[in-house]
Amino acid sequence: MASLVDRMRGHGRIAAGLLFNLLVSICIVFLNKWIYVHHGFPNMSLTLVHFVVTWLGLYICQKLDIFAPKSLPPSKLLLLALSFCGFVVFTNLSLQNNTIGTYQLAKAMTTPVIIAIQTFCYQKTFSTRIQLTLIPITLGVILNSYYDVKFNFLGMVFAALGVLVTSLYQVWVGAKQHELQVNSMQLLYYQAPMSSAMLLVAVPFFEPVFGEGGIFGPWSVSALLMVLLSGVIAFMVNLSIYWIIGNTSPVTYNMFGHFKFCITLFGGYVLFKDPLSINQALGILCTLFGILAYTHFKLSEQEGSKSKLAQRP
């Protein structure tokens, strides 16, 4: 009975973490869209602000004894911080050089790439039925993107690099938490300033720094307040991403990302009157079916594994 209660509490915590991530992720998508449309704040500079605010938020948290920092060698986090910067840069370049449809279709490939990386590099196994759930999810994204897919060589290079680096980053977030025996706050506390420093070096190559349209340009008070609010919400997003990956898996987080994509599309239709075609509606249903199937199979396998462990003498 006690073990059943513990399992229910564990599932409850994960469900609460996923719900929190869903709410703040949707919030930041629409807030960032507002900032881009109404204030024209540069994309990569906004990401830099996000990570600086994330580090400051974690610094305040550790001063309030919410968590205890753990000394970590910078060399152990260098690839993680570098992969974060790489995924931000290549994802932005993919969006810049591709249509929205091509961009979203490429992002959908992150899930199978993560499975491949974990299978070949980390000897992790996935059942056939788990792998089969990728079919309706990928099909759903294709249906969402079908009429907006246009391929060009440079765009495909950036998209492929973005998918590879994003997949590595998500795998490493989980792997580093287990390898270094740290929680999400402890890991992010050290990774955030390293990534901020790297992005600070990268920003001048892609965006203006001073003057009109630069991060240190003449922004209005309302624009700065919106950017600061976006940074606070990004702190919550980053923290919840690390927590979810550390307590579930990169694949589970990625599957949840597809769900957020569907909710965002629907939210755009409801809030911003964005057009939603029949193909997109079918795509959303198809993707949601795949996610529900994955969740059902994953929970069944976890329960089966726990039962086998409980039966061992």
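Trainee: In this predicted model, does Tyr59 count as buried, partly exposed or exposed?

Mentor: The relative accessibility of Tyr59 is 34%. Buried would require under 20% and exposed over 50%. Tyr59 therefore counts as partly exposed.

Trainee: How many residues apart are Trp55 and Tyr59, and what kind of aromatic pair do they form?

Mentor: Both residues lie in helix H2, four residues apart, and are thus separated by about one helical turn.

Trainee: Which residues form one aromatic cluster with Trp55 and Tyr59?

Mentor: Trp55 itself is partly exposed, at 27% relative accessibility. The cluster that holds Trp55 and Tyr59 also includes Phe67, Tyr189 and Tyr190.

Trainee: Which helices are tied together by the pair of Phe51 and Phe84?

Mentor: The rings of Phe51 and Phe84 form a tilted pair, 4.0 Å centre to centre with 35° between the planes. Both residues are buried. Because Phe51 lies in H2 and Phe84 in H3 (residues 74–97), the pair ties together parts that are 33 residues apart in sequence. The two helices are H2 and H3.

Trainee: Is H2 roughly parallel or roughly antiparallel to H9?

Mentor: Helix H2 (residues 43–63) packs against helix H9 (residues 184–206) at an angle of about 155°, with the axes 8 Å apart. Angles over 145 degrees count as roughly antiparallel. H2 is therefore, relative to H9, roughly antiparallel.

Trainee: How many nonpolar residues does the contact of H2 with H9 hold?

Mentor: The contact includes seven polar residues and no charged ones. The nonpolar residues number 18.

Notes: Residues numbered from 1 in each chain as written. Predicted model: local features only at pLDDT ≥ 70, side-chain atom pairs only at ≥ 80, totals over all residues. Heavy atoms only, no water. Axes fitted to C-alpha atoms, helices over the stretch in contact; angles between N-to-C directions. Parallel < 35°, antiparallel > 145°, perpendicular 65-115°, else oblique. Nonpolar A, V, L, I, M, F, W, Y, C, P; charged D, E, K, R; others polar. Phe/Tyr/Trp six-rings, centres within 6.5 Å; stacked < 30°, edge-to-face > 60°. Buried < 20%, exposed > 50% of the residue type's maximum accessible area, 1.4 Å probe, protein only.
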